[in-house]
Amino acid sequence: MNGLDTRKTSAMLYLDGVHVSFDGFHAINNLSMTIAPGEMRAIIGPNGAGKTTMMDIITGKTKPDSGDVLFDGITDLTRLDETQIAELGIGRKFQKPTVFESQTVEDNLLLALNVDHRVRTTLFWQDSRADAERIDQVLETIRLTGARRRLAGSLSHGQKQWLEIGMLLAQDPKLLLVDEPVAGMTDVETHQTAELLKTINRDKTVVVVEHDMTFVRELGVRVTCLHEGSVLAEGTIDQVSANERVIEVYLGR
Amino acid sequence: MTSHFLTRSLDRSATIFLAIVAAVGVLLPLFNLLLPDTSMLHVPTYLMTLFGKYVCYAVLALSIDLIWGYCGILSLGHGAFFALGGYAMGMYLMRQIGTRGVYADPVLPDFMVFLNWKSLPWYWQGFDMFWFAALMVVLVPGLLAFCFGWLAFRSRVTGVYLSIITQAMTYALLLGFFRNDFGFGGNNGLTDFKDILGFNVQAEGTRAALFALSCLALAISFLICRAVVGSKLGKVLIAIRDAESRTRFLGYRVESYKLFVFTLSACIAGVAGALYVPQVGIINPGEFAPGNSIEAVIWVAVGGRGTLIGAALGAIVVNYAKTVFTSGVLAPYWLFMLGALFVLVTLLLPKGIIGTWNAWWESRKATGISEDADSAAFEDGAVKPHMAE
């Protein structure tokens with residue numbers, strides 16, 4: 001198969017020797033990581049470890065100084081911009097919940113739907129049964145059916161986080177990057193979010209950046225700890241949290 | 001539920017707005033033409049022309065609101081597109097003068113004869129035909145906006161930086177049009193118009209028709225803007241305004257959307273300028289002055305950004321106030337009053353007149369709904385917390 005020959009790796013996401021520096025500060029330093037298709041990976045690490053910068057590189061917001069970033073084995077992400085990367089099937093949830101506050105919950109999802117995004121088709125867009133069903137389905141998943149006509153700005157913090165995850169689902173990406181999904185959530189909401197992500201992981205690859213160790217433990221997936229822009233430790237949550245260096249720089253004694 | 005009420009009430013206010021524009025557009029010219037001077041309801045021609053000018057400003061304000069209110073693009077140079085539309089119309093009107101000019105040259109406008117030019121420059125060709133001039137009224141501002149926007153939006157120039165370069169754009173045009181060898185009458189601009197489509201520009205009937213046409217342009221521009229902001233594209237524009245990079249990560253090519261709406265807006269501004277010129281009888285480089293564009297933004301802010309109707313209303317209210325105050329003892333203080341108005345609106349009515357009214361109306365409706373919902377819930381024995389919003 002020719003298609004397979006061109007693939008350099010079987011990984012969904014492949015980072016190798018990535019470097020980024022801002023004004024001499026090495027935000028990402030020889031970062032290498034592989035995420036397999038269908039995997040869910042949790043990324044932990046102290047502030048400034050480069051977690052968000054890594055997300056910026058994958059989504060095209062920041063260009064690395066050197067190194068390879070491959071998506072689905074063939075696509076070089078460093079050559080594409082945000083829009084192209086989004087169209088490829090990489091969705092991102094920001095650290096600070098970013099929803100369109102002055103629009104309704106269902107309009108937020110409508111905007112996120114994975115459809116033709118060109119100007120002309122959008123201008124003459126007609127509401128369709130298929131869109132409505134997709135939106136209903138996502139609303140059900142993120143438990144916001146009752147709030148569909150509310151303005152997104154009037155939602156609680158936790159609901160906004162879910163809406164943003166819902167927008168990711170509506171985008172129907174192959175890979176979801178989720179930055180601190182449970183920041184500021186109550187324990188119940190945190191638990192529900194873990195369940196939600198596990199459901200999503202049934203058919204999508206997920207990368208979660210999170211500080212909340214209880215939440216990471218609940219996810220029960222492979223964990224990577226970043227420190228000073230490179231991988232410090234990788235393994236199960238028990239292996240990583242037993243690692244001397246991880247305890248020293250991140251978890252504390 | 002709230003959103004349904006919102007759209008319904010907005011649709012109703014849009015209908016009311018259009019009905020008022022239509023009524024004014026028909027009745028004012030009729031009162032001017034048919035009623036005798038002695039009648040209480042007679043509208044003097046000067047007043048109708050004055051209001052015609054305001055209506056053109058209202059169209060300009062709509063075009064600014066479309067990009068600023070809905071897409072967050074603050075253009076401080078929109079007067080340039082207005083003036084270019086005006087110049088295109090002015091060139092047609094100049095070519096209609098023919099041998100009635102001071103130098104009686106059948107082809108060359110007076111200022112070209114005065115400058116000793118022997119033939120018409122290439123860019124004046126075709127302007128003797130109305131259809132061509134009408135096309136240029138839309139095309140020239142549109143093309144400039146397209147080129148300007150293509151460069152600016154692709155380089156992701158946003159916010160205050162974009163505002164500054166739009167100011168620079170209109171200022172550069174101001175300096176260019178001031179030059180005699182630029183070929184647009186220099187300092188004096190284009191004036192002394194005689195005919196439009198064979199009708200005398202000064203005649204009462206023509207003025208009435210121009211007024212009615214300005215109202216028609218306002219209605220059509222309003223409908224176009226409403227259709228754009230009411231479409232899914234309108235939702236994308238608001239998304240860009242509120243969270244540009246989020247919109248990019250959803251897979252929208254933000255620069256294409258901005259370019260589309262910016263170009264459309266410039267075309268509408270061009271039409272406004274074209275209707276303005278035959279009514280005021282002159283177009284000169286002063287129309288490119290950066291201050292004019294800023295003033296137009298103030299109209300939109302006063303009326304209510306992102307409401308369309310507010311923009312039109314703001315243009316008329318502020319300009320009426322300007323006419324009243326600049327013709328009295330307060331004339332020297334007008335600019336201070338305009339500045340104070342802007343500051344006060346920003347501090348006290350950040351949503352503008354219509355925006356504040358809408359918010360008040362919605363909150364009144366919402367309390368009504370939640371009372372209804374509470375009583376309904378009480379009867380059902382079920383509480384719906386979401387409804388209480």
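This is a predicted model: local features need pLDDT of at least 70, side-chain atom pairs count only at pLDDT 80 or more; totals for chains, interfaces and linings use all residues.

User: Which residues make the contact of α8(B) and α10(B)?

Analyst: From α8(B), the contact is made by V236(B), L237(B) and I240(B), and from α10(B) by V254(B), Y257(B), K258(B) and V261(B). By class, this contact of α8(B) with α10(B) has six nonpolar, no polar and one charged residues.

User: And is the crossing of α8(B) and α10(B) left-handed or right-handed?

Analyst: The crossing of α8(B) and α10(B) is left-handed.

User: Next, the interface. How many residues of chain B are in contact with chain A?

Analyst: On the side of chain B, 24 residues are in contact with 27 residues of chain A. Of the elements of chain B, α1 (2-34), α8, α9 (244-249) and α10 each supply at least two residues of the side that touches chain A.

User: Which helix gives the largest share of that side of chain B?

Analyst: The largest share comes from α8(B), with seven residues. By class, the side of chain B that touches chain A has eleven nonpolar, six polar and seven charged residues.

User: Let us turn to the core. How many residues does the largest nonpolar core have?

Analyst: The largest nonpolar core has 175 residues, and those with the most contacts inside it are V59(B), L60(B), A61(B) and L62(B). Helix α2 (residues 45-71) of chain B gives the most to this core, namely 17 residues.

User: What is L62(B) in contact with, leaving aside its neighbours within four places in sequence?

Analyst: Leaving those neighbours aside, L62(B) is in contact with S221(B), F222(B), C225(B), I268(B), L308(B), A311(B) and A312(B).

User: L308(B) is on that list. Where is L308(B) found, and is it buried or exposed?

Analyst: L308(B) is found in the loop between α11 and α12 (309-326) of chain B. It counts as buried because it has 27 C-beta neighbours inside 10 Å, where 20 or more are required. The phi angle of L308(B) is near 60°, a positive value in a residue other than glycine.

User: What about D23(A), and what is its phi?

Analyst: For D23(A), phi is near 50°, again a positive value in a residue other than glycine. D23(A) lies in the loop between β1 (13-22) and β2 (25-35) of chain A. With 4 C-beta neighbours inside 10 Å, D23(A) counts as exposed.

User: Back to α2(B). At what angle do α2(B) and α11(B) pack?

Analyst: Helix α2(B) and helix α11 (residues 290-303) of chain B pack at an angle of about 75°, with their axes 9 Å apart. That makes α2(B) roughly perpendicular to α11(B). The contact is made by Y57(B), L60(B), A61(B), I64(B), D65(B), W68(B) and G69(B) of α2(B), together with A296(B), V297(B), W299(B), V300(B) and G303(B) of α11(B).

User: How do the residues of that contact divide by class?

Analyst: The residues of the contact of α2(B) with α11(B) divide into nine nonpolar, two polar and one charged.

User: Now chain A. How do α4(A) and α6(A) pack?

Analyst: Helix α4 (residues 105-112) of chain A and helix α6 (residues 129-141) of chain A pack at an angle of about 115°, with their axes 10 Å apart. Helix α4(A) passes α6(A) in a right-handed crossing. The contact is made by E106(A), L109(A) and L110(A) of α4(A) and by D131(A), I135(A) and V138(A) of α6(A). By class, the contact has four nonpolar, no polar and two charged residues.

User: One last residue. Where is the place of W357(B), and how many other C-beta atoms are within 10 Å?

Analyst: W357(B) has its place in helix α14 (residues 352-380) of chain B. It is partly exposed, with 17 other C-beta atoms within 10 Å. The C-alpha atoms of W357(B) and M48(B) are separated by 29 Å, and the two residues are 309 residues apart along the chain.

How values were computed:
Residues are numbered from 1 along each chain as its sequence is written. Chains are lettered from A and ligands numbered from 1 in the order in which they are written. A crossing is left-handed if the near helix is turned anticlockwise from the far one by less than a right angle, and right-handed if clockwise. Helices (H or I, at least four residues) and strands (E, at least two) are DSSP runs, numbered from the N terminus. Two residues are in contact if their C-beta atoms, placed from the backbone, lie within 7 Å. Ala, Val, Leu, Ile, Met, Phe, Trp, Tyr, Cys and Pro count as nonpolar, Asp, Glu, Lys and Arg as charged, and the others, Gly among them, as polar. A nonpolar core is a set of buried Ala, Val, Leu, Ile, Met, Phe, Trp, Tyr and Cys residues joined through C-beta atoms within 7 Å. A residue is buried if 20 or more other C-beta atoms lie within 10 Å of its own, exposed if 12 or fewer, and partly exposed in between; C-beta atoms are placed from the backbone. Axes are lines fitted to C-alpha atoms, for helices over the stretch in contact, and angles run from 0 to 180 degrees between N-to-C directions. Angles under 35 degrees count as roughly parallel, over 145 as roughly antiparallel, 65 to 115 as roughly perpendicular and the rest as oblique.
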